[in-house]
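Reader: I'm new to this one and would like to learn how to read it. Could you take me through it feature by feature?

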Amino acid sequence: MVVESRMEKRTEPALSPLLLAMRGIVKTFGRSRAVDGIDLDVPERAFLTLLGPSGCGKTTVLRMIAGFERPDAGEIRLDNTPLADVPPERRPVNTVFQSYALFPHLTVHDNVAFSLKLRGGVSDIGVRVRRALDAVHMADFGDRYPHQLSGGQQQRVAVARSIIAEPRLLLLDEPLSALDRKMRGHLQIELKALQRRLGIAFVYVTHDQEEAFALSDIVVVMNKGRIAQKADPETIYSRPADSFVADFIGNSTLVEGRIQARHGDRATIETALGTITAPAAEGLAVGDAAMLVIRPELLSMRGEGSATFTGSVGHSVFQGERSMVGAEVGGLALRFPAEAPLSVGTSVALWLDADRSFITRIAA
Amino acid sequence: MQRFTLNRRQMLGGLAAGAGLSLLGPMRQAFAAVPEIVWATWDSNGHPEYVAAFEKATGTKVKLSFLSSEDAQFAALKTGSASDWDIVNPSLNQASRYIKAKELMPLDLSKVPNLATMYDVFKTTDKVKGEDGKTYAIPYLWGLNPIVYRSDIHTEEPTYSTLFDPKFKGQLAMRDYALESIAIAALHLGIPRERAFLLTTDELAEVKKALIAQKPLLRTYWQTIGDLTNLFATGEVTAAFSWRVPYDALKDKMKVAMAKPKAGIMGWCDCFGIPASLPEEKLETAYKFADYLLGADYAATIAEIGNYATTSSIIRDKLTPEKQAAIFVDDLSVMQNFIWPVAPENYSEWLKVWNEVKAA
Amino acid sequence: MTFRQRHLALPVAVAIIAGCLAPLAVLVAFSFYEVEEFDLVPAFSFRAWGELAVSATDWFLIGKAVLSGLTTTVFTVVLGYPVALALTRLSASAKGLAVIVLLTPLYTGEIVRIYAWRIVLGGEGLVNTVLQGLGLIDEPMKVLLFSPFTIGLVLTYNNLPFMVLAIWVSAEMVDRRLIEAARDLGARPVDAFFRVILPLTVPGLAAGSLTVFALSAGEMLTPSLLGGTSGSTAMALVDNLFGTAFDWPLASALALALLATLFLVASAMAGLMLRLKGARAVIGRA
Ligand SMILES: Nc1ncnc2c1ncn2[C@@H]1O[C@H](COP(=O)(O)OP(=O)(O)OP(=O)(O)O)[C@@H](O)[C@H]1O
Ligand SMILES: [Mg+2]
């Protein structure tokens, strides 16, 4: 908890006023705790991503913000106004649902116009629908019904429908998960551009870490209903708050050990593979059990002085411009990139860029 | 009238004649007693115990086939879907309909000795005679349709005019049946009972007015006698043109009585009839059954159990005065007060009037 | 193979056509026949149709059948929607129980139900006794039984299960997320109902409405046994003409006129419901 608040200070964009504040939110379904006491701040115009494995509570958080679920404990404020008694239709928040939830009986045009028509007295509905559809490159599809659209097109209509009323906050629940890789990449770029253009804050849910890093100002990694880490993508990547985050992000090899010495930002950890000095998470003290995070790109087959590790190739996977190799070192498999495939059994010497690796705490 | 319907029995008969004559022909003589006859009748006329004596005496089983309505009986005969019926049950009032339609066979009255004991009013009726003067049906069971009323509420014995009296608004009921309801209105308007079923168009118009004026006074039109019994039992109705059934059912539970209006008592009478297509070998047994219906055994059991009188005087004098009163044979002047609801020539006009009244 | 399959479907098609059209054809033929001495005589007479054309009673009763069908439909729709939507929110086991309870009226025979209503609504019945006991009324409310009110109430009660079931099946197929999406986009619950639930449940609404309309417009027992002096129906008249009056031509003509009128009204209802915003898209795709 203490660590998190320090992190916040470091990573939040300066001077951004706060749009949404969640404090101490708990939500239980029957006997299972979907959300177990989280604090979350969303600044104006931020692109915040909730990242985490399936079932960790991401959708539940969104549903509480949108007003479909009521927290068992805690408070949600928007523009400093408590939302507890505000029904979904009166929250300046719109949602792009995981399944799009387009109205099957309405044309694309009528789907997008839905919120404006409800409001009544809006005279320029046609113009605004057109503008919203333009924004997602769907202007030519106004007369179609949802079942006549591809998945990507439906997704874009869902976005157009939820931005037309100019919400303060847009919630997107894994909007791209059903799409193929290429389409996803394409739409990621469009979404990001749209968010910049509209200046609306996005809370975006995904369990795809690459997507999270590509889009977000702030990434919130969730684990079992709690927030494991909240920071900018670069920090999450290079300084994972604990072994869960480190494991969830990237192909890192985690090596368990014990802190032997601490000097400022750095610490020395004794592991089965040897003793290594590297940057360390705050609060780790001598004698603590800790985890050395070795990301693949920090291992190299060339280096100065003596090699950090030696072992033999256990497997080698060709990935196009390079190969991903797993080396058996002291009973652990260290993954690293190689320019060419290596044959199994070949002995290898590896140099670790220890200054860029990280020693983190072990997740509870 | 065979131009349209060829009934099923005729068809089966034809087939049998073609296919099995040589086989069945000689066998016919072998069966002296018919093993079974089928009697189509009302369930109140044909309890198994009513026919037990006949079965014992003749060795022929009487299979009972209960009717749901007179119309259904007529339709079944007409369309030939009743090919297993050996004896049918036309009402006296509608007998002419069956006779005209040639559904009944002319009867040899000499084969029914008990006819001698029949009350005159039934013996002399020409409703069972065809235009050819022959007799086609034999009346065997009769009764009255009285006004049943709550004697605790109606201190004076009701007349038909009671059924039109605003004093009893919301407590009265009429039967949903054109023939009787229109005749009752006519009697209420003072039309003499000889002409109650022979109304002129002008009189029908008067009657219609009276019946429409009566509507707000009525709680409902009753459909079945069970329906009416329920209406009395639940206190919805205190006086209604009725059958005797509600009286019998309720007399121990509430103060009910039967009124026999002086203006004329609606009587009902069921007849014995033989379908025109009955095979000859069953004829003997059918006549024996007719004689049984006019005999002492049937009269005694149905008076005892069902509170009905047969058309025969055969046991009347042996009954207790209470029993005589219960089946309306204590005072035989009733025989002169009868009116028989009989469909008039302009019956379709009557039905139209009645439907207009109900839809008014 | 295709030949054989077509071959197999043939008897079914023939049965359907025979089952639907044959009786109609018979009615049409009968309506031109004549009756002589209780005998139906083939002829080409317009007597029955002529009589029907000028009979105010007959047309009044046909109109009454339409009205009865429509009001019952409207009542069951208005009551049926909340019940059906509530059903969709129950747990699976509770749903089973709720459906059994819902269908209770159908397990008892119609006659039993009719007499039960008399016990409930009669002058000395349950409702009046309770109201009098509470001192709310001095005299029993006679209008509860044997009145148009009774017919409306009982027809609604009898037909409600059909409406609820039809709407419910349809409503179960409406994705809950669509309702949330509507709320999210600013729809109050009532807006969500009219703009999303209603159009998406049009198939059920249509099925329920047409069923209830047909059942209640053709109902004859309930009006005649509970409607008092206002209980006359076209159906009972047809019955009367076929039976008591033995006027099969007129009965056939009236039956056909009734059938045609009900068919026209039902078609109009179906057309109207299809015009509900977007309903055509839902049905067209289903
Ligand atoms: N309505 C509900 N009733 C019962 N349990 C629920 C309900 N909604 C969510 N849960 C449970 O709460 C937990 C969190 O669910 P949630 O949908 O928020 O997960 P998620 O992070 O969105 O997962 P995914 O990535 O698979 O969408 C899960 O264990 C889920 O089973
Ligand atoms: Mg989810």
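Reader: Let's start with ligand 1. Which backbone does an oxygen atom of ligand 1 come within 3.0 Å of?

Author: A polar contact is a pair of N or O atoms within 3.5 Å; within protein, one must be able to donate a hydrogen and the other to accept it, and residues adjacent in sequence count only if both atoms are side-chain atoms. Here, a polar backbone atom of A:G57 lies 3.0 Å from an oxygen atom of ligand 1.

Reader: Which residues surround ligand 1?

Author: A residue counts as near a molecule if one of its heavy atoms lies within 4 Å of it. For ligand 1, the surrounding residues include A:S54, A:G55, A:C56, A:G57, A:K58, A:T59 and A:T60. From elsewhere in chain A come A:F29, A:A34, A:Q98, A:E174 and A:H207.

Reader: Before we go on, what should I know about the model and its numbering?

Author: This is a predicted model, where local features need pLDDT of at least 70 and side-chain atom pairs count only at pLDDT 80 or more, while totals for chains, interfaces and linings use all residues. Residues are numbered from 1 along each chain as its sequence is written, chains are lettered from A and ligands numbered from 1 in the order in which they are written, and side-chain values use heavy atoms, with hydrogens and water left out.

Reader: Okay, chain A next. Which domains does the assignment give?

Author: Domain bounds come from an automatic or database domain assignment. In chain A that gives domain 1 (2-238) and domain 2 (243-360). Their centres, taken over C-alpha atoms, are 36 Å apart.

Reader: How many residues of domain 1 of chain A are in contact with domain 2 of chain A?

Author: Contact means heavy atoms within 4.5 Å. By that rule, 16 residues of domain 1 of chain A meet nine residues of domain 2 of chain A. On the domain 1 side, A:Q209, A:Y237 and A:S238 supply 42% of the area buried against domain 2, more than any other three residues.

Reader: And how many salt bridges cross between those domains?

Author: The general idea first: side chains of opposite charge can pair when their charged atoms come close. The rule asks for a side-chain nitrogen of Lys or Arg within 4 Å of a carboxyl oxygen of Asp or Glu. Between domain 1 and domain 2 of chain A it finds zero salt bridges, and there is one residue pair in polar contact (both at pLDDT 80 or more).

Reader: Where can I see a salt bridge, then?

Author: Over all chains the structure holds 39. One of them joins the side chains of A:K192 and A:D217 (3.6 Å, N to O). That pair links distant parts of the chain, 25 residues apart: A:K192 sits in helix α6 (residues 181-198) of chain A, and A:D217 in the loop between α7 and β9 of chain A. Helices (H or I, at least four residues) and strands (E, at least two) are DSSP runs, numbered from the N terminus.

Reader: What about chain A and chain C: how much area is buried between them?

Author: About 2,100 Å², of which carbon and sulfur atoms give 64%. There, 26 residues of chain A are in contact with 22 residues of chain C. A:E89, A:H105 and A:L118 supply 31% of what chain A buries against chain C, more than any other three residues. The interface has two salt bridges, including one between the side chains of A:R63 and C:E180 (2.6 Å, N to O). Six residue pairs are in polar contact across the interface of chain A and chain C (both at pLDDT 80 or more).

Reader: Last stop, chain B and chain C. How many salt bridges are there?

Author: One, where the side chains of B:D227 and C:R118 meet (2.5 Å, N to O). Nine residue pairs are in polar contact across the interface of chain B and chain C (both at pLDDT 80 or more). The area buried between chain B and chain C is about 2,900 Å², with 56% from carbon and sulfur atoms.

Definitions and conventions:
Buried area = accessible area lost by both parts, 1.4 Å probe.
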